[in-house]
Amino acid sequence: MGAIGRFFKDLNRNKAMLLMVLPASLWFLFFSYLPMAGLVIAFKQYRVSRDGFWASIVNSDWVGFTNFKFLFSTNDAYIITRNTVLYNVFFIVVGLILSVGLAIVLSEIANKRLAKVYQTGMFLPYFLSWIIVGYFVFSFLSLDRGVLNQVLANFGVDPINWYSDPTWWPVILVVVFLWKAVGYNSVVYLAAIMGIDRSLYEAAMIDGANKWQQIRNVTIPMLKPLIIILTLLAIGKIFYADFGLFYQVPRDSGPLYSVTNVIDTYVYRGLKATGEIGMSTAAGLYQSLIGFILVVTSNAIVRRFDKDNALF
Amino acid sequence: MGNLKKRMLPMTAVVLATSLVLGACGKSEGNESASGSEKPVELIWYTIGTPQKDVNRVMEEVSKYTAEKIGVTVKMNMIDWGDYTQKLQVMTASGEPMDIMFTSSWAFDYVQNARKGAFLEIGSLLDEYGKGIKDTLDPAFLEGSKVDGKNYGIPANKELPAQEVWRFNKNLLDKYNLSMDGVYTLESLEPLLQTIKDNEPGTAALAVDKNYKPYVPYDFIIENMPFAVKLDTTDYKVINVLETPEMKQALTTMHKYYNAGFIPTEAATLDSLTDMQTTGKWFSDKATTQPFADNLWSQSYGYPVVSTPQSESLIYNWSVMGSMQAISANSEYPEKAMEFLNLLNTDPVLRNMVDSGIEGVHFKKTGDNVMENLDESKNYDMPTFSLGNVMLTYLNPTDPENKWEEFKTFNEQGKEAPLLGFNFDPSKVTTELAAVSNVKEEYWSALMTGTVNPDVQLTKAIEKFKAAGLDTVLAEIQRQVDEWKATR
């Protein structure tokens, strides 16, 4: 009785707060937790049965780990894992430096109106779909009509068939990704910078700190918790590649696969023909499991050095 | 205190959600047994094509007609060409309610989904409610679309064999006084392509996109995968088509053409030729024909197109299964669905209403079986071949009187390809097939369009296919082919 009574009392006292988190909690429950039951499909050969989805799951045969095999069956396993992880590491590191840098620059621009213009300009690419970005890139890289080849021609360089020469693609993909993502992330950091107590800067100025010293000793330490959280979250997704970036931007061009094939595109291409849901579920489970392990590990490391900034 | 709050939250959420879910479960059973009475049942129909504005309006009219005839109303959902396969795959897997759906060899794969259990086995329904279909349809269709000896879908009555042709933009043909006479092989095109290349910059001499595959005399087990048997095979040996001399020669020629500038430079990544066809900036391409196809093409492009064969006309599995309607495994009214399909394939009034819309609004009749599109028809422009028996549809004013007789002759003349009736069951080699698919995606388009040098890349591709487990798949196919052959 006591416990239940306290529960309701507590419920009542916090009802405003609880109501506020209710939508998000429901969302998580329905779209993240309930569907987890579907993970059993990864261990089944999924076949449709008459009486709907649940009956189909129950009636499908257990196949153990067969569905996972295709991820590791060829040399491609190494290539796709390498590509996925390396690109993501690059995105995280370079993306972090650029977004924080830009955020600081934006916050220091004296003309606030101009700062808003820059900010919006950098923010916009984030809203474009990869398909459209793919065409933008194509207009630069097209063999006969592309801007880049025409510029090269002016310098007397032979045109490059960009879509069948993998040499430059690691650079192209990183540039395109950063162009699209940095604006958004820098806005997040900018908001954090705006939230820093101005008196800290005043105190620094009184102590005779110049701009650079202020940034190093006030702005960056104040941003550290946010940087750590966002980076930890990004690490959790390190086994997920941005499908649009790696599929649409290189126009699904075969000769580029050695540098553009990532786990997500590999799964898509492998299962396009057979449409085995069990195998794609297996791939998803594998990715999230590795992501989970990575987050827990990196969080443990963070906690080791800096307990307050760890996620959990 | 703060901690307690945090812990309470998920609990509350769980309690709330559980009650919601339970509530929803309680409701779903029930109201089933209303059939048999006068109230018409609603059939949910998924079909392929760009969604049309007037679909609901037309279906209202269709429903009035069918409610009276067989006691059903129809709700049609169209899904665009590019999305159809994936959407239907998810919908059938998740048990979305539906009764009838489009399936084929090239979109929402018929054989594969029949094996997965997406479709209802219709043998007995066909006997009971589909007599009209059995009478009108060339028996080769039902025979050729059997999966493991059973029928799961109703093929549209249309052209049965497939024949590859070279199509030409007639304006350019005339302008340079070129002739299609003597054109048959890929190599025989060369002088024509050279003329166009020299005189018409900016025009694709041979219009090729990433779906292109040069014609080789092989019957493919799976569309665009390298497993095939030779068309004149006697031992039914399944081989890797990339290792055949015909393919090697075709790819070498393609590469020569690519280097000569006959082929669009971006061919290997080009999704479709639609832009070129709209602007008329192409000279020749490869297509699959049917009787009077030239008329059809000319009409749809708005300029004259002519064609000449580049292969024999043969009945393949994929041509038999080019357009089918299946009944969903979870259909609530399978008998009614079959009755409807029977009517669709035998009743000209219904068939033309579904195809062309409402008489007097979307089209007008100018003869017994001749019609003309009205302005409104742009709001209801359906892909005729995908909606059942084509031979019931009214003729266009430009069509010859004997159009459907010609179709019948065309069908009768078609010879059977060696693997007609054989359907590969990939369930034992899905792992290898996934790896092989990836290799195929990597090399196929670049090779087929001539973008890369086959002397180098073909060898590489063959090696990589082997590493991915191609031989295991070949052996499995061979085993099934041998088994199938023994039962014939």
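In strand 11 of chain B, B:Asn240 is the bridge partner of B:Phe227; strands here are DSSP runs of E of at least two residues, helices are DSSP runs of H or I of at least four, and both are numbered from the N terminus. The model is a predicted one, in which local features need pLDDT of at least 70 and side-chain atom pairs count only at pLDDT 80 or more, while totals for chains, interfaces and linings use all residues. Residues are numbered from 1 along each chain as its sequence is written, and chains are lettered from A and ligands numbered from 1 in the order in which they are written.

Back to that bridge. Strand 10 (residues 227-230) and strand 11 of chain B run antiparallel and are joined by two bridges; strands count as paired if DSSP finds at least two bridges between them. They belong to an open, antiparallel sheet of three strands, ordered 9-10-11 in chain B. Strand 9 (218-220) and strand 11 (239-240) of chain B stand at its edges with a single partner strand each, so one side of each is left without a neighbour in the sheet.

Another open sheet in chain B has five strands in the order 2-1-3-15-6, and here the pairing is mixed. Its edges are taken by strand 2 (72-79) and strand 6 (153-155) of chain B, each with a single partner strand, so one side of each has no neighbour in the sheet. From one strand to the next, the twist averages 25 degrees (axes are lines fitted to C-alpha atoms, for helices over the stretch in contact, and angles run from 0 to 180 degrees between N-to-C directions). Within this sheet, strand 1 (residues 41-48) and strand 3 (residues 100-103) of chain B pair in the parallel sense over two bridges, and B:Trp45 has B:Ile100 of strand 3 as its bridge partner.

Then there is strand 7 (residues 164-169) of chain B, which is largely enclosed by the rest of the structure because five of its six residues are buried. A residue is buried if 20 or more other C-beta atoms lie within 10 Å of its own, exposed if 12 or fewer, and partly exposed in between, with C-beta atoms placed from the backbone. Strand 7 of chain B pairs with strand 12 of chain B in the antiparallel sense over five bridges, with B:Phe168 standing opposite B:Ser284. Strand 7 of chain B also pairs with strand 13 (residues 305-309) of chain B, again antiparallel over five bridges, and there B:Arg167 has B:Ser307 as its bridge partner.

Next comes helix 9 (residues 190-199) of chain B, whose buried residues are B:Leu192, B:Leu193 and B:Ile196. They cover an arc of only 95 degrees around the axis, which puts them on the same side of the helix; the arc is that of the directions from the helix axis to the C-beta atoms. They pack against helix 8 (170-175), strand 8 (204-206), helix 10 (245-260) and strand 12 (282-288) of chain B, where residues are in contact if their C-beta atoms, placed from the backbone, lie within 7 Å. The face turned away from this buried side carries the exposed residues B:Pro191, B:Asp198 and B:Asn199.

Two loop residues have a positive phi without being glycines. For B:Phe108, phi is about 50 degrees; this residue is in the loop between strand 3 and helix 4 of chain B, and counts as buried because it has 26 C-beta neighbours inside 10 Å. For B:Asn177, phi is about 55 degrees; this one is in the loop between helix 8 and helix 9 of chain B, and counts as exposed because it has 7 C-beta neighbours inside 10 Å.

Key. Contact = placed C-beta atoms within 7 Å.
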